[in-house]
Amino acid sequence: MALVKIAPSILTADFGRLAEEVRAAELGGADMLHLDVMDGRFVPNITFGAVVVDALRKVTRLPFDIHLMCVEPERLIEQYAETADTINVHIEVSPHINRTLDTIRRMGKRAGVCINPGTPIGAIEESFPDLDQVMVMTINPGWGGQQMIPAQLEKVARIRRLLDAGGFPAEIEIDGGVKAGNIAQCVRAGANVVVCGSSVYNPAKPVAENIAELRRAAG
């Protein structure tokens, strides 16, 4: 398996210094930036929209991994198509998932599907041929700083086996509670991409040191 990609999530960054926080992630060696767009309906929290994402595009060259935690995500895809590299939508609010994924890919973007802890793998299995990425939520989505649900690593392992058995190239991204103490388990389970929020953005250490520590721990 290729080296794990680290995707800092700005959800726990200092929003008053957001441009600086994003630049710190790039200078610290992040592989991409994870952007959680929350609508206050699919999840209780509200974060930011396309205006903020467009502004951040001007301050970094990092690829943007857009996570639409929104109802009717198909209505929002066009707003993020210019700035995004990957657009991820939740299966729980995407009844016509293959059509939505096709829309993303026709816009020249990588297409990802997200699956919540309580959602079975069977809900997305038929879409494996149309995916560039599977995002496994290892927390219940809505807030940063939560503890990982350990049982979700078995879900990651099962998805990895299914993808490999079918010859599907989709990457697996883990989102939620990834820290230096468990990132190696995530990689062993089959993750290619790890979203790291509070383990990157926290007052204990600079961003670059935290990213370096995560890389070492990932092995």
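Colleague: Why is E72 called partly exposed?
Modeller: E72 has a relative accessibility of 40%, and since buried means under 20% relative accessible area and exposed over 50%, with partly exposed in between (1.4 Å probe, protein chains only), E72 counts as partly exposed. This is a predicted model, in which local features need pLDDT of at least 70 and side-chain atom pairs count only at pLDDT 80 or more, whereas totals for chains, interfaces and linings use all residues. Residues are numbered from 1 along each chain as its sequence is written, and side-chain values use heavy atoms, with hydrogens and water left out.

Colleague: What makes the backbone of E72 worth a remark, and where does E72 lie?
Modeller: E72 has a positive phi of about 50° although it is not a glycine, and its place is in the loop between β3 (64-69) and α3 (77-80); helices (H or I, at least four residues) and strands (E, at least two) are DSSP runs, numbered from the N terminus.

Colleague: Which residues of α1 are buried, and how do you know whether they line one face?
Modeller: In helix α1 (residues 18-27) the buried residues are L18, E21, V22 and A25. Seen down the axis of α1, they fall within an arc of 100°, so they line one face of the helix, the arc being that of the directions from the helix axis to the C-beta atoms. Their cover includes β1 (5-8), β2 (33-38), α2 (50-57) and α8 (207-218).

Colleague: What makes a group of residues a nonpolar core, and which residues have the most contacts inside the largest one?
Modeller: A nonpolar core is a set of buried Ala, Val, Leu, Ile, Met, Phe, Trp, Tyr and Cys residues joined through side-chain atoms within 4.5 Å. The largest has 60 residues, and those with the most contacts inside it are I10, L33, L35, I66 and I159. A second, separate core of five residues includes M38, F42, M69 and V93. Leaving aside neighbours within four places in sequence, I10 is in contact (heavy atoms within 4.5 Å) with residues including F15, L18, V22, L33 and Y201.

Colleague: Why is the pair R106 and D102 called a salt bridge?
Modeller: The closest N and O atoms of R106 and D102 are 2.9 Å apart, and a salt bridge is a side-chain nitrogen of Lys or Arg within 4 Å of a carboxyl oxygen of Asp or Glu, so the pair qualifies. Both residues lie in helix α4 (residues 97-106), four residues apart, about one turn of the helix. R106, at 61% relative accessibility, counts as exposed, while D102, at 39%, is partly exposed.

Colleague: What makes the salt bridge of D132 and R105 a tie between parts of the chain?
Modeller: The closest N and O atoms of D132 and R105 are 3.6 Å apart. D132 lies in the loop between α5 (122-125) and β6 (133-137) and R105 in helix α4, so the pair ties together parts that are 27 residues apart in sequence. A search of the whole structure finds 14 salt bridges, and D14, R17, E20 and E21 are linked in a network of them.

Colleague: How do you know that T100 is buried, and what is T100 in contact with?
Modeller: T100, whose place is in helix α4, has a relative accessible area of 6%, and is therefore classed as buried. Leaving aside its neighbours within four places in sequence, T100 is in contact with E74, I77 and V89.

Colleague: How do you know that β4 and β5 pair, and which way do they run?
Modeller: Two strands pair if DSSP finds at least two bridges between them; five bridges join strand β4 (residues 86-90) to strand β5 (residues 110-115), so they count as paired, and they run parallel. T86 stands opposite R110 in β5. Across β4 and β5 lies α4, running at about 145° to β5, where axes are lines fitted to C-alpha atoms, for helices over the stretch in contact, and angles run from 0 to 180 degrees between N-to-C directions.

Colleague: Why is the whole sheet called open, and what stands at its edges?
Modeller: The open sheet has eight strands in the order β1-β8-β7-β6-β5-β4-β3-β2, with parallel pairing. At the edges stand β1 and β2, each with a single partner strand, so one side of each is left without a neighbour in the sheet. The twist averages 25° from one strand to the next.
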